[in-house]
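Here are my notes on this one, point by point. Have a look at the model first, then read on.

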Amino acid sequence: MHRRTILKTTALVTVASFALFGTAFAENPVLKIGFVGVTSGPAAAWGTSNQRSMETRAAWINETGGYDIGGTKYDVEIVSFDDQKDPKRAIAGMEQMAQAGIHYVVGPNVDDGAAAVRPVAEQNGIMYFPYAFPKELYTAPASNAVLGMVANYQSGPAIYKYLMDNNGVKKVAFVAANESDPLSQRDSGSAAAKALGLEVVSDSVTYQVDTTDFTPVLLPVIQTAPDLLVLSGVSPANAPQLIRSARELGYAGLISTETAQDAAVLQEGAGELANGFISVGGASTPELASEAMREFVDRYTKMFGEYNDESNTKVYALEYILATMAANPAAIDNVEEFKKTMDTFEAPNPYMVGDAKLKYVGTTSFGQKRQVSVPLVVNTFNNGAFETLFVAQVD
Amino acid sequence: MEQILANGLYLGAQYALIALGLTLIFSLMNVLNFAHGQMYVFGGFVTYTVVAQWGLPFILGLVASAIILAVMGALIEVFLFRPVIRKSKRDESTMLLAAGIAFFLDAVILLLFGEKQRGVPKILNGVFNWDMRIIMPYDRILILVLAIAMIAGFIALMQYTKAGRAMRALAQDRMAAQLMGVDVDRYSMIGFALGAMLAGLVGGLLVTITGINLGMGGPTSVKAFMMIMIGGAGVISGAIAGGFILGMMESIGLTVLAAYGDITYLVIFASLMVFLAFRPQGLMGKPWG
């Protein structure tokens, strides 16, 4: 009797377990989206904010029942790969995504990584959303890369023009880290400034990313007395130190960059010396952020302990991928369908107030729509927080 | 010119302090500690946590960095390097172990402190300005003075204390020191702890100026290796000289060569290669080790 009871109970538990697991797995099919970017080393902040933005949004979607694509609710799973800012590893990461059957990947974060993964992505039918600026990635015959943010050659001229008109800026100096991204951003920024009629008083000074004292770096730049000092492609790690050194050397002019920054990092590293610093951000300032943006920030903070302001721009890539699939469910495993949809795709932008839209742009810069339309929000830093200086749209 | 010299002196003092810990460990145990930069970063994050997050005075942050890194160094020596050195006669075993510890500490730092750049508020406001010839913020002057004081304290410790004499004896001839009654295990542990503590202290000092981030460890180790190669590996005075020479070269190069792009380190590396071709043991090292 006793043995029979045990057998019955075991059988019941086994059946129940199978039933429960079966139910759990049957709840929603899983849609895998990849991320290949840098989440370790000096530039870890760039990729980590990407990955965490995606994970936050995925958890949010899954918690609320999944994402509706063609009448089927999908749970979203983020598959991440740390490329350590190394193009060889970025290729390995993209190959891993291909082996996992993933067709949509966010990243890589830097120019050389994004260029390196192009053949793998094109051969394996992967659309990827790099945070890298080389135009060849987005110009035909290339067609699988979609720029995930506003490029410096789009934001730079807008910022310089604004400062010429509103602050009387006439002389500009550029300083950049001795790496491919910042150097190419410096060159295009300098060219744009000259095209606008600005006098470029210095654009040859560079620094190593591991510099611990920027005083000797900035001394020759400050001696040229620019009205505007542009920190081309500056990483959030270096920005506070550069600002602080410039101010301590007595520089009283404007300082700007075309990269996204983090308010907490600026406050800790430069304090009030960073007041007035101009950078590019997303829709996090109170006057622009929608209820969904506030909830995203709240969920991100709860998940990871601290929000990163860079995520204001990085929240968008996953949203674009999913919304485009929702517009054309055949794109879920067919990037050619995705590409067809991009030309006409339009959906409400959930993260901004007003009637802002999600749509693909880039025709002016690349001759085809290979850029997500994120608002060009130019911020100034004041007393620990960003304030919106102006908002523009890119095409 | 005065500004270039002042910048070089400031850079040199912090570099010398970083190199001291590395050369101490090398001289005592013949270990190239690739994790030295990560220890520097860890020390910076400890000071950041104590000062910026807990709101305690900066000096407590420095003390916490010193203690935690000293304990970490002692544990690494006792549980990792000592058994490997005992079991393996091949130098690359300790090098691989050191590289592994560096990767491990990188991962621990990412988990504990996150990926963001961190910094603590300035400990002194104001800028010293001598007729526009030397411009130096007061906090940098303070860090310069503290770094020089620490270097002097370290030299005094090595010269005038029993532990310092024992460590110097170990560095000169491990076997002879053992035969003379020096407790090799004990002083190896103390030496490693002291080296790690120095790395942590520099991290703590510089977090007020340069801030700290996850990626600073590797480049810091590379610079520290350059300094001890210039001065002579395993020689305390060589590490100090190497630090000041590198700091001065960097300051002069960044000013004089600025118009030609970022070729300062190219010139420094090229000079170092030529220098080592003629004097591979460094300025103060001995050709036999």
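How many Å separate the centres of domain 1 of chain A and domain 2 of chain A?

1. The centres, taken over C-alpha atoms, are 29 Å apart. Domain 1 of chain A covers 28–149 + 288–374, and domain 2 covers 152–259; the bounds come from an automatic or database domain assignment. Between them, nine residues of domain 1 of chain A are in contact with 11 residues of domain 2 of chain A (contact: C-beta atoms, placed from the backbone, within 7 Å). The domain 1 side has five nonpolar, one polar and three charged residues, where Ala, Val, Leu, Ile, Met, Phe, Trp, Tyr, Cys and Pro count as nonpolar, Asp, Glu, Lys and Arg as charged, and the others, Gly among them, as polar.

2. A word on the ground rules. This is a predicted model, in which local features need pLDDT of at least 70, side-chain atom pairs count only at pLDDT 80 or more, and totals for chains, interfaces and linings use all residues. Residues are numbered from 1 along each chain as its sequence is written, with chains lettered from A and ligands numbered from 1 in the order in which they are written.

3. On confidence (pLDDT is the predictor's per-residue confidence, from 0 to 100), chain A averages 89, with 92% of its residues at 70 or above. Chain B has a mean of 88, and 99% of its residues reach 70 or more. For the complex, the predictor gives an ipTM of 0.75 and a pTM of 0.78. Where pLDDT is low, the predicted coordinates should not be read in detail.

4. The contact between the chains takes 35 residues from chain B and 35 residues from chain A. On the chain B side, α1(B) gives the most, with five residues; helices are DSSP runs of H or I, at least four residues, and strands runs of E, at least two, numbered from the N terminus. By class, that side of chain B has 16 nonpolar, 13 polar and six charged residues.

5. In chain A, β11, β12 and β13 form an open antiparallel sheet in that order (strands pair if DSSP finds at least two bridges between them). β11 (346–348) and β13 (371–372) of chain A each have a single partner strand, so one side of each lacks a neighbour in the sheet. Two bridges join β12 (residues 357–361) of chain A to β13(A), and Tyr360(A) stands opposite Val372(A).

Notes:
Two residues are in contact if their C-beta atoms, placed from the backbone, lie within 7 Å.
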